[in-house]
Amino acid sequence: MLKHKILLVDDEQNILSSISRLLRQDDREIYTASDANEAWDKLKSISGADLIISDNKLPTISGIDFLIKVKQTYPDTIRMLLTGYPDLESAIKAINNGQLYRFITKPWENEDLKLIVRQGLEYYDILKDNRVLLNIAKQQSETLTAVQKKYQLPQNELTKAGLYIIDEQKVSETLSEFLKKYYPGGAK
């Protein structure tokens, strides 16, 4: 099983250490960065992160602007903003522009933060699984279209949803005839 990658970004080392200890588990890899530039280098070196928690007050750029940039490059990454100075304008900008998963205030409650991170990682897994399922559905649709063209199946046999209705009785009879013809003594 792959480990979840979590990146913590804050210019205060004691906060990075505290959250790292709090979130450490066997199924997680925790990375830290003290500013946005270090965070970008880290993201590149680990090929992105599943979840990022960034402080809003970073040395060279705001956490909101950093997470907006993260969304552009790593759209599936779950983004959370940590701030000691909550105000409505920052929260609205963060949520609307950065499309944040959560807005967390300092000081945080340890159990709440652990729960928020767990839920964020579960949401990330759901998004990833949905993407895989959508790709499978697309491949199946393309295969069905190719089969329809190759065997010149009439459109009127399709349902409104674009599905062929297969008569199970006919399939069973055809399979039975096939087995009798090619395996008269019974299939082994």
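These are my notebook entries on a predicted model of one protein.

**Ground rules.** I count residues from 1 along each chain as its sequence is written, and side-chain values use heavy atoms, with hydrogens and water left out. Since this is a prediction, local features need pLDDT of at least 70 and side-chain atom pairs count only at pLDDT 80 or more, while totals for chains, interfaces and linings use all residues.

**Layout.** I looked up the elements and got six helices and five strands (DSSP runs: H or I of at least four residues for helices, E of at least two for strands, numbered from the N terminus). Going from the N terminus, I read β-α-β-α-β-α-β-α-β-α-α.

**Whole-protein numbers.** I noted an accessible surface of about 12,700 Å², from the Shrake-Rupley method with a 1.4 Å probe. Carbon and sulfur atoms hold 52% of that surface. For contacts (heavy atoms within 4.5 Å) with a separation of 6 or more, 59% are between residues 24 or more positions apart.

Most residues other than glycine have a negative phi, and most peptide bonds are trans. Where is the cis peptide bond that I noted? It joins K106 and P107, with omega at about -10°. P107 sits in the loop between strand 5 (102-105) and helix 5 (110-150).

I also stopped at S47, which is not a glycine but has a positive phi of about 60°. Its place is the loop between helix 2 (36-45) and strand 3 (51-55). Is S47 buried or exposed? S47 counts as exposed because its relative accessibility is 62%.

Methods:
Buried means under 20% relative accessible area, exposed over 50%, partly exposed in between (1.4 Å probe, protein chains only).
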